[in-house]
Amino acid sequence: MAVNPVSPVVLALSRSGEDVAHKVAALIGAPVHGREGRVEKADAFFANALDHARDLFAAGVPVIGVCASGILIRAVAPMLSDKRAEPPVVSVSDDGSVVVPLLGGHRGANRLSSEIAKGLEAVAAVTTAGDVAMGVALDEPPVGYRLANPEDAKGAMVAMLSGGGVSVSGENIFDIDNSGEAVELCVTETPAETGETRLVYHPQRFALGLGCARGCDSDELWTLVQDTLKANGIAAGAIAYVASIDLKADEVAMNDVARRLGVPFRLFSAAELEAQAGKLANPSEVVFAEVGCHGVSEGAALTCGGALVVEKQKTANATCALARCEQVVTEMPGRARGRLSVVGIGPGQAAWRTPEVSKLVSEAEELVGYGLYIDLLGPLAVGKERSDFPLGGEEARCRYALEQAAKGKNVSLVCSGDAGIYAMGALVFELLDRGEDEHGVSDAAHRIEVVCSPGVSALQGAAARAGAPLGHDFCTISLSDLLTPRDDIIRRLHAAAEGDFVIAFYNPVSKTRRTLLAEARDILLQHRPADTPVMLASSLGRPEEYIRYRRLDELEVDEVDMLTVVLIGSSNSRLAQLGEGPRMFTPRGYARKIDGDLAQQA
């Protein structure tokens with residue numbers, strides 16, 4: 001999976017802390033986001049500190065706020081759920097004298113705080129017990145080492161802090177005093193027994209090379225890997241990455257092995273693997289003739305720069321090999337499998353954007369979409385490569401996004417509303433459903449990972465503003481005849497009218513298309529009352545949002561534009577009069593039940 005580490009963001013909330021914010025940003029190589037009207041210089045600006053901090057946190061972005069700790073606490077408190085997955089949150093006083101890791105101490109906050117405090121000559125107010133007493137966090141080993149039993153770390157830390165001390169077997173990765181017996185820290189490449197007082201750390205020095213026939217069963221490859229590791233006394237936690245030829249990027253079995261091991265899946269061209277030909281134990285002319293290199297699994301393993309320690313092992317449909325480096329692997333060679341995230345950002349406001357979408361956007365290297373939609377991401381898009389496409393460039397937009405992902409990049413295709421509702425989702429899959437000779441996309445693009453994430457559609461946004469107009473059966477109809485024959489639209493209008501559905505019209509008008517909405521109104525008037533409520537919702541979720549209600553017989557085309565969602569009620573829809581004004585709803589039948597209960601009571 002092509003996921004990038006998410007870089008921290010430094011928040012500057014006031015002029016008094018602005019200089020410190022820029023010093024912190026320079027120390028850790030992060031951008032500065034500043035509060036509008038209160039900060040003069042920043043890489044991006046935001047209007048509301050609580051909303052912006054919450055948005056970044058939801059996206060998995062580490063947040064360093066130069067502000068009072070309480071501001072950050074109030075911002076993220078409603079979103080706290082799993083400390084193992086939440087990003088670090090750090091506060092820095094305006095004068096730069098105190099740095100406080102608020103959340104994610106063992107997920108990077110303590111490290112960030114210490115780094116910032118050292119650069120500012122400040123005090124890092126670290127409060128996690130292990131860091132305070134011994135300067136280490138047993139569940140956060142150095143990069144390149146993996147803790148086999150993290151669930152035992154808390155208990156081991158308690159035992160260690162109770163005065164029993166620790167003993168170290170193998171490499172002393174924490175540089176800790178080895179003068180106790182309460183807890184054993186074991187560093188080994190081999191499988192080892194773990195326990196509440198025995199933490200086992202595996203140095204990740206091995207690269208696992210894989211090869212397989214197309215469509216190989218996942219269990220067959222996984223069993224081969226497990227058997228090979230067991231036979232050679234190598235712990236699964238000592239594997240740094242899984243590797244293969246780029247032609248296998250979409251091989252389910254290989255992706256499953258990487259997922260089960262919890263390590264990256266790295267890809268190499270045939271030419272890159274052929275560069276290892278002189279080191280292969282089992283070169284094959286047959287393999288060379290088929291894919292362009294003399295060995296896939298052995299060549300892929302050797303990309304770590306180490307020596308082959310397990311030659312090619314095979315079953316009927318799969319092969320694997322292992323190479324070992326002298327040092328732990330901290331930088332991954334090759335490239336990741338490309339990923340395209342097809343995301344809907346909702347009608348526009350950040351509060352209506354799902355946390356999952358925000359996270360996918362924050363992880364992306366490149367954003368592709370209609371320029372306005374990328375702009376609506378605000379500070380979340382700052383610092384990222386972006387490729388803007390005009391309205392009408394939908395096919396070019398999707399092709400470009402797919403081919404960029406084919407290069408191994410992590411790309412987000414940004415849509416408004418929900419990407420699968422009158423947006424780019426369907427076009428992405430239509431292109432993937434075609435071969436390159438059928439005006440589809442390249443073979444490499446067919447091998448990427450595609451992730452679709454839901455968004456709040458314009459239909460849902462309008463319905464929420466109205467009240468509950470979709471309380472009973474409804475449908476959506478696009479009135480754009482650019483891609484759909486006009487006769488098909490008219491046929492669907494008649495069917496929806498006769499079925500008495502609540503109807504949401506997308507693309508109701510354009511500069512050159514003004515008549516279909518009027519025709520739709522006239523068709524609907526043949527089947528439902530003239531006073532049927534109609535809601536017009538323009539620029540939903542944006543500062544210029546404009547909501548109004550009309551009778552069906554008074555619906556005027558000139559009052560509607562391309563940014564307007566038109567909701568036509570059914571014959572049962574009505575307006576409830578509230579203190580804030582009318583609200584539209586469509587009864588589902590509960591009133592009959594209520595009236596029946598009243599009749600029985602009488």
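How do the axes of helix α18 and helix α19 cross, and within what distance do they come?

**View 1. Helix α18 against helix α19 in the predicted model.** The axes of α18 (residues 486-498) and α19 (residues 516-525) come within 9 Å and cross at roughly 30°, with axes being lines fitted to C-alpha atoms over the stretch in contact and angles running from 0 to 180 degrees between N-to-C directions. The two helices are therefore roughly parallel, a label for angles under 35 degrees. Here R486, I489, I490, L493, H494 and A497 of α18 meet L516, E519, A520, I523 and L524 of α19, where contact means heavy atoms within 4.5 Å. That contact sorts into eight nonpolar, one polar and two charged residues.

**View 2. Helix α2 against helix α3.** α2 (residues 49-58) and α3 (residues 69-76) have axes that come within 8 Å and cross at roughly 60°, so the pair counts as oblique. On the α2 side, L50, A53, R54 and F57 meet I71, L72, R74, A75 and V76 of α3. This contact has seven nonpolar, no polar and two charged residues.

**View 3. The largest cavity.** Its volume is about 40 Å³, and D246, A249, R335, R337, G338, A406, A444, R447 and I448 line it. A cavity is a set of points on a 1 Å grid where a 1.4 Å probe fits but cannot get out, and lining residues have an atom within 4 Å of a point. The lining splits into four nonpolar, one polar and four charged residues.

**Notes.** Residues are numbered from 1 along each chain as its sequence is written. In this predicted model, local features need pLDDT of at least 70, side-chain atom pairs count only at pLDDT 80 or more, totals for chains, interfaces and linings use all residues, and side-chain values use heavy atoms, leaving out hydrogens and water.

Note on methods: 1 Å grid on protein atoms, 1.4 Å probe; cavity = no way out; pocket = protein on both sides within 12 Å on 5 of 7 lines; lining within 4 Å. Points joined across faces, edges and corners; volume = space filled by probe spheres on them. Nonpolar A, V, L, I, M, F, W, Y, C, P; charged D, E, K, R; others polar. Helix = DSSP H or I, 4+ residues; strand = E, 2+ residues; numbered from the N terminus. Parallel < 35°, antiparallel > 145°, perpendicular 65-115°, else oblique.
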